[in-house]
Amino acid sequence: MERLTERWVTWRDAWQQVLYGPDGFYRSALPRDHFRTSVHVSPLFARAVLELVRRQGLTGVTDYGAGTGELLHHLAAMAPDLTLTAVEIRPRPADLPASVSWLPSLPERIEGLLFANELLDNVPCDVVERDAAGAVRLVEVDLASGRERPGDLADPATVAWLDRWWPLEQTGDRAEVGLARDQFWQRACARITSGAGLAIDYGHLRDDRPVLSSIRSYRAGHETPLTLDGAHDLAAHVSIDSVAHAVGAGIRRQRDMLRDLGLAMTRPDLSLATSDPVGYVNALSASSEAGELVASPGLGDLHWVLATKRPG
């Protein structure tokens, strides 16, 4: 990967480069080759999203950060009446149904469900640390080695966000500043003319922030040593409560939402194995997939941040 002219950059700038720069991870890698989200686990997840869309009385889904379009592929088969739009910087997959629109950026107006599954944890944000004098400074990182050093003082908007959402009380305390993510999702939801915005992500609340950094690198489905080479995914957990506040949303865990949306985890009756062996295997597989979607620890711990918006 081509290095930036400056060796030392803020974490936010480094993050932007390694994920979305010309040679960044999301420009070249197939996400499904490197991590497994709820969409990849089972079509049951898409069915739950469809149930939410129906209950909200919506007629379309815009998948922000659609990857290779797996969710919309399922929805196109389940509900051909829906207007489906993928927003993704990668090229359109050849096998995506023609009915699905493929855009490189969000449309100006969105009707229906704006959906973002494990997107906000990839939105670059600043990392800050409280120094011995009590000042809050941006943390800079060396792209080549991953070494860190203190940088400039944090600006007033960052300090105000920290005071409200992630107070730094002792020397050496650090935070991943969620302000950029709040603003990112707020701008996205502002384009909804009628419908709802749903962000799903791993995260934390004000009373349970991580003591150490939650920034992680991943490749081929496994966490790796922190690597800033553009060949690894880079993610950090989200300050869920600040995102929800920014868009006036409620917060629930995935395990609870999916159950409310009709996800069943009942194991099939053993007698079915004799009367309908294929049906039994299929039902057993569906039960296992449903269990993975609500597992804790696991995907069931994801937060759903749902904000509705009606005309006028």
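1. The largest nonpolar core has 38 residues. A nonpolar core here is a set of buried Ala, Val, Leu, Ile, Met, Phe, Trp, Tyr and Cys residues joined through side-chain atoms within 4.5 Å. Buried means under 20% relative accessible area, exposed means over 50%, and partly exposed lies in between (1.4 Å probe, protein chains only). Phe45, Val61, Leu113, Phe115 and Trp304 have the most contacts inside this core. Helix H4, residues 43–56, gives the most to it, with 7 residues. Helices (H or I, at least four residues) and strands (E, at least two) are DSSP runs, numbered from the N terminus. In soluble globular proteins, nonpolar side chains tend to be buried together.

2. A word on the model. It is predicted: local features need pLDDT of at least 70, side-chain atom pairs count only at pLDDT 80 or more, and totals for chains, interfaces and linings use all residues. Residues are numbered from 1 along each chain as its sequence is written, and side-chain values use heavy atoms, with hydrogens and water left out.

3. There is a second, separate core, and it has 23 residues. Tyr64, Ile192, Val238 and Val305 are included in it.

4. What does Val61 touch, beyond residues up to four places away in sequence? The list is Val53, Leu72, Leu75, Leu82, Thr83, Leu84, Thr85, Leu113 and Phe115. Contact means heavy atoms within 4.5 Å.

5. Thr85 sits in strand E3, residues 83–87. Is Thr85 buried or exposed? Thr85 is buried, at 11% relative accessible area. Residues up to four places away in sequence aside, Thr85 touches Val61, Thr62, Asp63, Leu72, Ser101 and Leu103.

6. Ala76 belongs to helix H5, residues 70–78. Its relative accessible area is 15%, so Ala76 is buried. Neighbours within four places aside, Ala76 is in contact with Leu84, Pro97, Ser99 and Val100. Ala98 is 22 residues from Ala76 in sequence, and their C-alpha atoms are 9.5 Å apart in space.

7. Now the charged pairs. How many salt bridges are there? The count comes to 14. A salt bridge is a side-chain nitrogen of Lys or Arg within 4 Å of a carboxyl oxygen of Asp or Glu. Side chains of opposite charge can pair when their charged atoms come close.

8. Arg55 and Glu51 form one of these bridges, at 2.8 Å from N to O. Both are in helix H4 and 4 residues apart, so about one helical turn separates them. Glu51 is partly exposed, at 29%.

9. Arg174 pairs with Glu148, with their closest N and O atoms 2.9 Å apart. Arg174 is in strand E9 (residues 174–176) and Glu148 is in strand E8 (residues 148–153), so the pair ties together parts that are 26 residues apart in sequence. Arg174 is buried, at 18%. Glu148 is partly exposed, at 37%.

10. Two further cases deserve a look. Arg216 bridges to Glu223, the closest N and O atoms being 3.2 Å apart. Arg216 is partly exposed, at 30%. Arg7, Asp142 and Arg147 are linked in a network of salt bridges.

11. Why is helix H8 largely enclosed by the rest of the structure? Because 7 of its 8 residues (240–247) are buried. These are Ile240, Asp241, Ser242, Val243, Ala244, Ala246 and Val247. After H8 comes Gly248, with a positive phi near 65°.
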